[in-house]
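I opened my notebook to look at how two chains meet.

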Number of protein chains: 2
Amino acid sequence: MTDESDALCATEKEIMHATHRALVNSGYAELSISRISDELDKAKSTIYHYYDSKDALLLRFLRFTVDRFEATINTSIGDNPKEDLNHIISTLLPCQLPEEKRQLHSVLVTLSPQALERAVFREQFTEIDTRLATIIEKTVRRGVDADVFRDVDPTHAAEHILATIKGTMYSRLTTNREAATAAAKASLFSYIDSHLIS
Amino acid sequence: MTDESDALCATEKEIMHATHRALVNSGYAELSISRISDELDKAKSTIYHYYDSKDALLLRFLRFTVDRFEATINTSIGDNPKEDLNHIISTLLPCQLPEEKRQLHSVLVTLSPQALERAVFREQFTEIDTRLATIIEKTVRRGVDADVFRDVDPTHAAEHILATIKGTMYSRLTTNREAATAAAKASLFSYIDSHLIS
């Protein structure tokens, strides 16, 4: 497990937590370096010392968020691959999306156009997906090795599950199709029950 | 079948085709009303007469693109639900993404942050997803009715397939994980083969 947040100095960690509070308290639309410096209770120049733009800060914040997600998943994962897989899916796609998670997922949607053209964003998006796919793949592989799951290709299954989660996450935030999230999740669980379980 | 493009006047249709050519010839990053008016060979004021901003034009262009996709799918759909489903998936997720489709899909990624907050974009994204889900659902339902597919819930299966397609499409454009697309597609086809086929 790589906890990249350990590599952050104390002030950077404070900036990350202030960004999180600003997102949760005021929402993504209101997010600005000024708003974050209010939460931080330090001058804007403190933030600019570390990040030269709001985008650069958000990019680092994305990574910080994935670090925390990875840490949460790693501590809660047990020895039942099916339950662990359900837990990962339900953490990323809760039935009711709490405002805090909505704001976090919105950062992902908001930055994704940047990843179309800019290498630094693309690399960050690549890393996030690789880390999520690895968590899912390891869980599927444990299930296959323990004969709990059928002999599926863990990489293929993990990419399929991750793509379904991401597609559902993006659609949930950008459409009014409330029933679609529950329907996609129900089918994903049914796929796991009938396709993965031996 | 709703062919919304019929509702466009001749000039609007020309603007849509000019937008498409501008996208294909110069890419999304270079896209501007000026660039589109060059392709149209008419003054920018002609475009502004119909659309008050580049975003408004692109929003209409998204719909125009879905109309064309729907028309293509509807003419190519046959009487074999499994082949039809594979055809829909392969059209939205071709093995090699031609530059033209890459630019079209990029419009979707670029506009998605707008759909987080702005109702008019959100409604358009909702309509696009609903139309795509309906095409997939009808195909699954035909398969279930003809006993070619198992007795799955066509709505659930359609939302799952659409979410996987969308997640794969977004990741393909925003990451460098080339192998992930093929892996997710392979698992999706395997799901159809073993979960849907009776």
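I began with a term. A salt bridge is a side-chain nitrogen of Lys or Arg within 4 Å of a carboxyl oxygen of Asp or Glu. I also noted that this is a predicted model.

**Entry 1: charged pairs**

How many salt bridges are there between chain A and chain B? I found a count of two. I looked up one pair by name. A:Arg177 forms a salt bridge with B:Glu159. Their closest N and O atoms are 2.6 Å apart.

**Entry 2: polar contacts and helices**

Next I checked polar contacts between chain A and chain B. I got 26 residue pairs, with both residues at pLDDT 80 or more. Then I asked which helices of chain A supply at least two residues each to the side that touches chain B. They are α6 (99-117), α7 (119-145), α8 and α9 (178-196). α8(A) gives the most, with 16 residues. I sorted the residues of this side of chain A by type. They divide into 18 nonpolar, 19 polar and eight charged.

**Entry 3: the whole interface**

I then took the totals. In chain A, 45 residues are in contact with 45 residues of chain B. The area buried between the two chains is about 3600 Å². Carbon and sulfur atoms give 57% of that area.

**Entry 4: α8 against α8**

At what angle do the two α8 helices, one from chain A and one from chain B, pack? I read about 90 degrees, with the axes 6 Å apart. In both chains α8 covers residues 154-174. The angle makes α8(A) roughly perpendicular to α8(B). I listed some of the residues that meet. Among them are A:His160, A:Ala163, A:Lys166 and A:Tyr170 in α8(A).

Last, I stayed within one chain. The axes of α6(A) and α8(A) cross at roughly 100 degrees and come within 10 Å. These two helices are therefore roughly perpendicular to each other. From α6(A), the contact uses A:Arg102, A:His105, A:Ser106, A:Leu108, A:Val109 and A:Ser112. From α8(A), it uses A:Met169, A:Tyr170, A:Arg172, A:Leu173 and A:Thr174. I counted types here too: five nonpolar, four polar and two charged.

Terms used: Residues are numbered from 1 along each chain as its sequence is written. Chains are lettered from A and ligands numbered from 1 in the order in which they are written. This is a predicted model: local features need pLDDT of at least 70, side-chain atom pairs count only at pLDDT 80 or more; totals for chains, interfaces and linings use all residues. Side-chain values use heavy atoms; hydrogens and water are left out. Axes are lines fitted to C-alpha atoms, for helices over the stretch in contact, and angles run from 0 to 180 degrees between N-to-C directions. Helices (H or I, at least four residues) and strands (E, at least two) are DSSP runs, numbered from the N terminus. Angles under 35 degrees count as roughly parallel, over 145 as roughly antiparallel, 65 to 115 as roughly perpendicular and the rest as oblique. Contact means heavy atoms within 4.5 Å. Buried area is the accessible area (1.4 Å probe) that two parts lose on being put together, summed over both. A polar contact is a pair of N or O atoms within 3.5 Å; within protein, one must be able to donate a hydrogen and the other to accept it, and residues adjacent in sequence count only if both atoms are side-chain atoms. Ala, Val, Leu, Ile, Met, Phe, Trp, Tyr, Cys and Pro count as nonpolar, Asp, Glu, Lys and Arg as charged, and the others, Gly among them, as polar.
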